Amino acid sequence: MSATAAMSRRSVMAFARQPALVVPALIFPLFFAALGSSSFGRAVRLPNFPKVHSFLDFALAGSIIQGVLFGSVTGGAALATDIEHGFFDRLLATPVSRISILVGRLAGAAAFGAFQALFFIVVLLPFGVRIKGGVAGAIIIVLAGGLTAMAVGGFTAAMALKTGSAEAVQGSFPLLFVALFFSSTFFPRQTMQGAYRRIADINPVSHLVEGVRGLVTEGLTAGHVAAALLIPAAIGVASIGLSLLALRARLASR
Amino acid sequence: MTATVTPVDTTAPGGTVVRSAGALAQRGLRNIRRLPSAFFPALAMPIFQTIAFSGTFFAITKIPGFPTDRSVNWYLPFASVMGSGFSGLGLGFSTIRDVESGFFDRLRMAPTPRWALIAGSLITAWVRVVIVLTAVVLMGFAFGARRGGSGWPTGSGTCAPRR
């Protein structure tokens, strides 16, 4: 347990000590939110657009999920860097539990994801964002940010353990872009048509975003709370399972 | 053993510039094939953005007063300009590579005017931009972009708004 805590602390410290790695995951989503708010401000009056107070209310959930996804790539790349630099091998030589190496990394990613969600809320509140779910809704959004970071971090950790290459993990960045743009992250599914709508309907990112968005735009309901927490939790079970398999394969190959 | 030095033809400086710039442009274009990872993002990103933006933000054309009824008409010029910018940036990166590897210093010792070195790179960048623009515009038209009204062709040379 103490080993896991120490590994988690190290992951969080790594985020704090390398601002150049984490600042883009904090700035870019805000940039997109500002750009969307000024460009699409009038779009909230479109037919089928969900009822929102302002486009910024709509954009908050997208900013959080976007930031968390970017941050998770950074976390996965950090694990790959540990492997490349031999730190991972030195950890294996210590009597620390193998799983705690992975769990520590994922807990660090979750802590950073929760921080990102809180950061976006705090920064966007003065610009007129209203969270209909209130303080409880905001707390659940922060928890959802942490869970989403852990879920996506599971995939990037699996990639890091499988390839041992930070460059390969960073290479997943374009995939995230595709997943974000073919979802309801930036615009509601109800306004899409044809193949775009069908892709957005089956894209899990749409459902991740909409759970959080419901808490902002509609309020604290059991359905929105469940969507915000259970969807990333379910994805997390699959991704952490994958990363454990990748860890086992890496250990077996040594 | 005697070293032989090939005399430089200084009687036709214009010809030297053209030959040097042409050779450097050829070298730059060969890099597209030999180092596709440096060129591919500049080609793929604008195509992706044309497709993704025009589908995701399809509904913006219904905003009253929006100047076109096809979202791809709106995003295609943006993606074209961005793709051209990225292609131009590639020129900077390849120059950095040459400076770091010392190749640029060797070029400076070559018996050719300095501006021929720049001209060669600029020709490469121009050809890269043409490749990217052709691909982006063709893809845009495949995804429904159509020429607009009286303004065709305007702006970045793709789609004028339909009024």
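This is a predicted model: local features need pLDDT of at least 70, side-chain atom pairs count only at pLDDT 80 or more; totals for chains, interfaces and linings use all residues.

The axes of helix α3 (residues 55-85) of chain A and helix α10 (residues 204-217) of chain A come within 8 Å, and they cross at roughly 135°. I noted the hand of the α3(A) and α10(A) crossing as right-handed.

Next I listed the residues that touch. From α3(A) they are D57(A), F58(A), L60(A), A61(A), G62(A) and I65(A). They meet V205(A), L208(A), V209(A), V212(A), R213(A), V216(A) and T217(A) in α10(A). I sorted this α3(A) to α10(A) contact by class: nine residues are nonpolar, two polar and two charged.

**Chain interface**

I then turned to chain B against chain A. I found 16 residues of chain B in contact with 15 residues of chain A. Together the two chains bury about 1400 Å², and 77% of that is on carbon and sulfur atoms. I looked for salt bridges between chain B and chain A and counted zero.

Where are they, then? Side chains of opposite charge can pair when their charged atoms come close. I picked one of them: R105(A) pairs with D82(A), with the closest N and O atoms 2.7 Å apart. R105(A) sits in helix α5 (residues 98-124) of chain A and D82(A) in helix α3 of chain A, so the pair ties together parts 23 residues apart in sequence.

Conventions: Residues are numbered from 1 along each chain as its sequence is written. Chains are lettered from A and ligands numbered from 1 in the order in which they are written. Side-chain values use heavy atoms; hydrogens and water are left out. Axes are lines fitted to C-alpha atoms, for helices over the stretch in contact, and angles run from 0 to 180 degrees between N-to-C directions. Helices (H or I, at least four residues) and strands (E, at least two) are DSSP runs, numbered from the N terminus. A crossing is left-handed if the near helix is turned anticlockwise from the far one by less than a right angle, and right-handed if clockwise. Contact means heavy atoms within 4.5 Å. Ala, Val, Leu, Ile, Met, Phe, Trp, Tyr, Cys and Pro count as nonpolar, Asp, Glu, Lys and Arg as charged, and the others, Gly among them, as polar. Buried area is the accessible area (1.4 Å probe) that two parts lose on being put together, summed over both. A salt bridge is a side-chain nitrogen of Lys or Arg within 4 Å of a carboxyl oxygen of Asp or Glu.
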